[in-house]
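Good morning, and thank you for making time for this presentation. I shall begin with the structure itself and then go through its features in turn.

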Amino acid sequence: DLISEAGEKADGQTMRNDTEVELVVHLVTSLVLCGVEAHQIGVISPYRSQLKALRARLDQMPGTAEVEA
């Protein structure tokens, strides 16, 4: 269950929340499957570590390589 495992973790001097990463990947994938073009999707996070984790996960998903994170 994603929600019960939610929480921010320190990653060096920045923060990351793996639950949020998985939820965003799920939402982005759903948008792409519904016909939204990947280059029309942008994801904003105040944490560099979280953006890095999002980019890594999105690069693994088909059709999401053009999403800006």
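Let me start on one side of helix H2, where Arg48 and Lys52 are exposed, exposed meaning over 50% relative accessible area, buried under 20% and partly exposed in between, with a 1.4 Å probe and protein chains only. Helices (H or I, at least four residues) and strands (E, at least two) are DSSP runs, numbered from the N terminus.

Residues are numbered from 1 along each chain as its sequence is written, and side-chain values use heavy atoms, with hydrogens and water left out.

On confidence, pLDDT is the predictor's confidence in each residue, from 0 to 100. The protein averages 83, and 81% of the residues score at least 70. Where pLDDT is low, the predicted coordinates should not be read in detail.

To return to H2: this helix has 13 residues and reaches 19 Å from its first C-alpha to its last, close to the 18 Å expected at 1.5 Å a residue; the expected span is 1.5 Å times one less than the number of residues. Which residues of H2 are buried? They are Ser49, Gln50, Ala53, Leu54 and Leu58. These five lie on the same side of H2, because they cover an arc of only 165° around the axis, the arc being that of the directions from the helix axis to the C-beta atoms.

Of these residues, Ala53 has a relative accessibility of 18%. Leaving aside neighbours within four places in sequence, Ala53 is in contact with Arg16 and Val21, contact meaning heavy atoms within 4.5 Å. The C-alpha atoms of Ala53 and Ala69, 16 residues apart along the chain, are separated by 9.7 Å.

Ala53 also belongs to the largest nonpolar core, which has 10 residues in all: Val21, Val25, Val28, Ala38, Ile41, Val43, Ala53, Leu54, Leu58 and Val67. Such a core is a set of buried Ala, Val, Leu, Ile, Met, Phe, Trp, Tyr and Cys residues joined through side-chain atoms within 4.5 Å. H1 and H2 each supply at least two residues of this core. Within it, Val28 touches Ile41, Val43, Leu58, Thr64 and Val67, not counting residues up to four places away in sequence.

I turn now to the charged pairs. How many salt bridges does the structure hold? There are 3, a salt bridge being a side-chain nitrogen of Lys or Arg within 4 Å of a carboxyl oxygen of Asp or Glu.

One joins Glu22 and Arg57 at 2.8 Å, N to O. This pair links distant parts of the chain, with Glu22 in helix H1 (residues 18-33) and Arg57 in helix H2 (residues 48-60), 35 residues apart. Glu22 is partly exposed at 27% relative accessibility, and Arg57 is partly exposed at 23%.

Arg55 has a relative accessible area of 22%, and Asp59 is partly exposed at 47%.

The remaining bridge pairs Asp18 with Arg16 at 2.7 Å, N to O. Asp18 is partly exposed at 27%, as is Arg16 at 21%.

How values were computed. Predicted model: local features only at pLDDT ≥ 70, side-chain atom pairs only at ≥ 80, totals over all residues.
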